[in-house]
Amino acid sequence: MKETAPLTMKDIAREFGISVATVSRALKDSPRISKERREAIQAYAREHHFTPNVIAESLRFARVQPQKLIGVILPSFVHYYFASVLEGIEEEASSHGYRILVATSRELYEREVKICQSFYENKVCGIIVSQAKDTVQYEHFQQLMDAGVPLVFYDRICTGVNASRVVVDDYMGAFNAVSYLIQTGCNRIAFYGSNMNLEISKNRFNGYKDALLKHGINYDESLTRICDNRADAEAITPEVLTQDNPPNGFFAINDDTAIGIMYTAKRLGLRVPEDVSVCGFTNGYRAIACDPMLTTVEQRGQEVGKEAAKILIGKVEGSIPEEKAERRIIRTRLVVRGSTR
């Protein structure tokens with residue numbers, strides 16, 4: 001008679017459609033797993049004569065108990081928005097006795113993967129992350145979650161894993177900004193955005209298009225550019241402004257891009273905002289350090305950071321169930337200054 005292979009935690013995880021880490025916690029009667037879920041898993045294990053593999057368990061959990069240390073991944077240190085998010089994370093974490101360990105991916109997928117591995121090895125209790133621009137594979141994030149490390153995404157969320165996230169209302173921020181440009185006399189509005197593999201780019205672009213539609217303006221693909229930094233904006237904008245029937249308004253995905261547009265327009269002899277209106281998205285210090293000061297959508301980065309830290313700490317301490325993916329949206333507001341009519 002053929003001997004049946006012993007039941008493993010992976011088998012139990014497959015049966016319940018959950019991670020191996022969740023099974024392990026349930027078998028150890030962790031309060032982070034709901035009572036009903038724990039009892040169901042434990043009953044299944046008993047019925048199928050599950051015996052823990054002590055050696056495998058010791059290897060899986062060779063790390064010491066995670067510290068009150070939160071890993072934070074920023075795409076870049078230089079942007080005001082990410083700095084303000086970090087400030088919010090640190091403030092909230094510190095108030096609960098947690099420290100933070102910070103790294104930047106520099107917008108590189110490979111570096112992001114290495115940072116995740118480093119954070120795991122440094123025994124962080126969870127990670128708060130905004131993914132790099134060129135990240136299109138998500139195994140490194142899923143592996144962390146499978147190992148029981150809570151993840152919270154902010155700004156650039158990862159749709160490839162079922163993790164908690166905190167975002168600003170990108171769609172409505174863009175919709176309201178473009179509506180304002182139209183209401184103040186702009187009827188040809190250019191859009192400068194990031195690659196459309198990022199959810200924030202899709203949402204802001206959709207807000208832009210829907211604002212045009214609501215006000216009876218046809219979308220013109222010739223007015224759309226993939227451009228999300230000042231250098232590229234200064235290189236691209238002369239061609240946009242010298243084409244037949246040029247735009248009289250611009251909506252940019254961030255303030256740096258908007259400032260690049262504005263200064264290029266001025267170098268070409270155009271007046272801002274009399275000839276061209278320009279609107280950004282961030283409301284950082286640079287928005288009030290340019291001439292004229294920039295109309296922009298305020299992202300409230302500190303609030304994003306605080307909410308992300310609250311969720312992560314709730315996951316670590318058990319007040320938020322491990323399997324629950326939190327979705328929180330921070331409202332934006334349009335700050336009108338001199339770059340628009």
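This is a predicted model: local features need pLDDT of at least 70, side-chain atom pairs count only at pLDDT 80 or more; totals for chains, interfaces and linings use all residues.

Trainee: Which parts of the chain does the pair of Lys-306 and Glu-91 link?

Mentor: Lys-306 forms a salt bridge with Glu-91, and the closest N and O atoms are 3.4 Å apart. This pair links distant parts of the chain, with Lys-306 in helix H12 (residues 301-317) and Glu-91 in helix H5, 215 residues apart. Lys-306 is buried, with a relative accessible area of 19%, while Glu-91 is partly exposed at 40%.

Trainee: Why is Lys-306 called buried?

Mentor: The cut-off for buried is under 20% relative accessible area, and Lys-306 is buried because its value is 19%.

Trainee: Where do Asp-256 and Arg-286 lie?

Mentor: Asp-256 and Arg-286 form a salt bridge whose closest N and O atoms are 2.7 Å apart. Asp-256 lies in helix H11 (residues 255-267) and Arg-286 in the loop between strand S9 (277-282) and strand S10 (295-298), so the pair ties together parts that are 30 residues apart in sequence. Asp-256 is buried at 16%, and Arg-286 is partly exposed at 46%. Salt bridges can also share partners: that is how Glu-307, Lys-310, Lys-324, Glu-326 and Arg-328 are joined into one network. In total, the count comes to 20 salt bridges.

Trainee: And how should I read aromatic pairs?

Mentor: Two values describe a pair of aromatic rings: the distance of the centres and the angle of the planes. Here the count comes to 14 aromatic pairs. For Phe-16 and Tyr-44, the ring centres are 5.6 Å apart and the planes are at 85°, so the pair is edge-to-face. It links distant parts of the chain, Phe-16 in helix H1 and Tyr-44 in helix H3 (residues 35-47), 28 residues apart. Phe-16 is partly exposed at 27%, and Tyr-44 is buried at 17%.

Trainee: Are the rings of Phe-141 and Phe-153 stacked or edge-to-face?

Mentor: Their planes are at 90° and their centres 4.9 Å apart, so the pair is edge-to-face. Phe-141 lies in helix H7 (residues 139-146) and Phe-153 in strand S4 (residues 151-154), so the pair ties together parts that are 12 residues apart in sequence. Phe-141 is buried at 0% relative accessible area, and Phe-153 is buried at 1%. Elsewhere, ring pairs link Phe-191, Phe-205, Tyr-208, Tyr-219, Phe-251 and Phe-281 into a cluster.

Trainee: Finally, how many helices and strands are there in the protein?

Mentor: The protein has 12 helices and 12 strands. Of its 341 residues, 52% count as buried. Among contacts with a separation of 6 or more, 73% come from residues 24 or more positions apart.

Key
Residues are numbered from 1 along each chain as its sequence is written. Side-chain values use heavy atoms; hydrogens and water are left out. Helices (H or I, at least four residues) and strands (E, at least two) are DSSP runs, numbered from the N terminus. Buried means under 20% relative accessible area, exposed over 50%, partly exposed in between (1.4 Å probe, protein chains only). Contact means heavy atoms within 4.5 Å. A salt bridge is a side-chain nitrogen of Lys or Arg within 4 Å of a carboxyl oxygen of Asp or Glu. Rings of Phe, Tyr and Trp (its six-membered ring) pair if their centres lie within 6.5 Å; planes under 30 degrees apart count as stacked, over 60 as edge-to-face and the rest as tilted.
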